[in-house]
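Subject: Structure handover

Hello,

Here is the structure we discussed, followed by notes on what was found in it. Please read the notes with the structure open.

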Amino acid sequence: MAASVREKQTAALKRMLNFNAPPLKNTAAEPVWKVLIYDRFGQDIISPLLSVKELRDMGITLHLLLHSDRDPIPDVPAIYFVMPTEENIDRICQDLRNQLYESYFLNFISAISRSKLEDIASAALAANAVTQVTKVYDQYLNFITLEDDMFVLCHQNKELISYHAINRADIQDTDMEAIMDTIVDSLFCFFVTLGAVPIIRCPRGNAAEMVAVKLDKKLRENLRDARNSLFTGDNMAAGQFSFQRPLFVLADRNVDMATPLHHTWTYQALIHDVLDFQLNRVVMEEGAGAEPSPAGARPKKKNRKMYDLTAADKFWQKHKGSPFPEVAESVQEELDTYRAQEDEVKRLKSIMGLEGEDEGAISMLSDNTAKLTSAVSSLPELLEKKRLIDLHTNVATAVLDHIKSRKLDVYFEYEEKLMSKSTLDKSLLDIISDPDAGTPEDKMRLFIIYYITAQQAPSESDLEQYKTALLDAGCDLSPLNYIKQWKAFTKMAATPANYGNSGVKPMGLFSRVMNTGSQFVMEGVKNLVLKQHNLPVTRILDNLMEMKSNPETDDYRYFDPKMLRGSESSIPRNKNPFQEAIVFVVGGGNYIEYQNLVDYAKFKQGKKVVYGCSELFNASQFIKQLSQLGQK
């Protein structure tokens, strides 16, 4: 797996945008201009990977949604990138009838069925457009890569495969089959893109096992059909750098219900927890807090600002897994270094006679500046640096406001103590009944973590007392109802999941950030530093990857799609530790687990771990699903 999934998926998209021919490296020539037509699914897959500028470099002049009103552009080829759904197919047939484009390259995100292909064929015949439908491809790209080592199945319609959908009490077998098929279809696409046939391990008796059985069957059928197998030939050659196959561990969300509710302390996970962060984009309301509007004036309309946190952003790549205080300190350092360079920027601008110009005009100029002076070439770079610093200053400040107003540091520290069974310095009731500490949701999260991790469940009278306090704090108790059922059902009481001995050490107060010139006013926020510890999902992976014997994972099932006869053994053939593993959580995942796996892989030399989940939720989205389940 020399290339990461992100690189492979990006390469596949670029090939598709080049009419499914490998992109030429050294073209001085103009690219072929073309339009890209996608549906919401296609949009979600492309947007975290390719920017508008990159699309333009590949000759995409227009990119439009399939179901928007599009004008005919008769002399341009169109590349479609859509899911093979009924309505999408109907719309494509309509485009053919209306003769919108010169030629059509139809790319389906996941495999299209024979009957739907025939629908398109008959529409093309009727519209007399058979010659214009140049190519039809199955792209097998039905998953979204968010990081080099992280993917999620879908963003549209994710409620169809959510934790709530899988764990509903009244679920029909047919619904469950459909959910499992959707998940397996995406995972199959993932392995086709990766170009590797994994060895699958999963626990028994839950949704993860159903996914494993179906995925094994699908991979096996594909490998049997030698003529059309997707795992031979050129796309495999790319994956042949390592002879070892990856381990694919399927875990079920029910293994660990505390982590998704946990308050967190690392940058990326905090952003996801407290801000609106999806598909690598943060959306923030710009408050009109700074200058009070004059009396009687209309309140200012709030602007929404979008920030993309991308792989190209060095600061983000370096600090997304750092504890928040460290991030605040680093942003401050970057700011100080930039301020030192700012005089340089002013000087460069004045050389170019651009003092009053806006930055857009400058970036336009940056193409033909080589003639002016070599000094100028560093201007766009400095401006880009300033943009990133401003971005992180704004995002980190917004996160800090939440930490301070909700006392998230207190919650984080207390939950870590609960999860690692260490001694508590104050009673749970105090936090629940403290009106200044957090929102009702924060209190509910804390209490559920206490309830899940407690060695023995609180007595009825204690529970009533807690419930009263929670109700007084304005909490909705329905998530607790579900967790009670869940705890009784999984009989977890005997072996509560072990969260490792994570400790949190409060450090001295922030040194650099406490000085008065800082952007971040951190007083009153504890400077907590994390100790490395493994969460349940990471521990399961560690056992399976290192072939350790452990009661927790010893009866995990073992599937090898390459073996001719599917043997129902849980005895692994391969006794060697794996070098590469993919962990997938059925029922949803979060950045806390992702970060924990990243930290784990750092300690293991030469090992690669990828994290995937059926959907990515933060605690409040998860609590909503629990309360829906608890209302039944």
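Is Y140 buried or exposed? With a relative accessible area of 13%, Y140 is buried (buried means under 20% relative accessible area, exposed over 50%, partly exposed in between, with a 1.4 Å probe and protein chains only).

Two notes on provenance before the rest. This is a predicted model, in which local features need pLDDT of at least 70 and side-chain atom pairs count only at pLDDT 80 or more, while totals for chains, interfaces and linings use all residues. Residues are numbered from 1 along each chain as its sequence is written, and side-chain values use heavy atoms, with hydrogens and water left out.

Y140 is not a glycine, yet its phi is positive, at about 50°. Y140 lies in the loop between β5 (133-138) and β6 (helices, H or I with at least four residues, and strands, E with at least two, are DSSP runs numbered from the N terminus). K407 is another residue other than glycine with a positive phi, near 55°. The loop between α14 and α15 (408-419) holds K407, which counts as partly exposed at 30% relative accessibility.

Sheets

An open sheet of 7 strands has the order β6-β7-β17-β16-β9-β8-β15, with mixed pairing (two strands pair if DSSP finds at least two bridges between them). Its edge strands are β6 (144-147) and β15 (557-559), each of which pairs on one side only. On average, neighbouring strands of this sheet are turned by 20° against each other, direction ignored (axes are lines fitted to C-alpha atoms, for helices over the stretch in contact, and angles run from 0 to 180 degrees between N-to-C directions). Within this sheet, 3 bridges pair β8 (residues 199-202) with β9 (residues 247-252) in the parallel sense. I200 stands opposite F248 in β9.

Another open sheet has 3 strands in the order β10-β11-β12, and its pairing is antiparallel. β10 (276-278) and β12 (303-308) stand at the edges with a single partner strand each, so one side of each is left without a neighbour in the sheet. Strand β11 (residues 281-286) is joined to β12 by 6 bridges, and the two run antiparallel. Opposite M284 stands K305 in β12.

Helices

The axes of α10 (residues 267-274) and α14 (residues 378-406) come within 10 Å and cross at roughly 70°. That makes α10 roughly perpendicular to α14 (angles under 35 degrees count as roughly parallel, over 145 as roughly antiparallel, 65 to 115 as roughly perpendicular and the rest as oblique). The crossing of α10 past α14 is left-handed (the near helix is turned anticlockwise from the far one by less than a right angle; clockwise would be right-handed).

I183 is in helix α7 (residues 173-194) and is buried, with a relative accessible area of 0%. I183 and C154 are 29 residues apart along the chain, and their C-alpha atoms are separated by 9.3 Å. A121, in helix α5 (residues 114-126), counts as partly exposed at 42% relative accessibility. From A121 to C93 the separation is 28 residues in sequence and 8.8 Å in space, C-alpha to C-alpha.

Aromatic rings

How many aromatic pairs does the structure hold? There are 26 aromatic pairs (rings of Phe, Tyr and Trp, the last by its six-membered ring, pair if their centres lie within 6.5 Å; planes under 30 degrees apart count as stacked, over 60 as edge-to-face and the rest as tilted). In the pair F447 and Y450, the ring centres are 5.6 Å apart and the planes are at 50°, so the pair is tilted. Both F447 and Y450 are buried. F447 and Y450 are separated by about one helical turn because they are 3 residues apart in helix α17 (residues 440-453). Ring pairs also link Y267, F277, W316, F324, Y591, Y594 and Y611 into a cluster.

The charged end of K218 sits over the ring of F188, 5.1 Å from its centre (NZ of Lys or CZ of Arg must be within 6 Å of the ring centre and within 35 degrees of the ring normal). For K487, the charged end sits over the ring of Y451, 5.0 Å from its centre.

Regards
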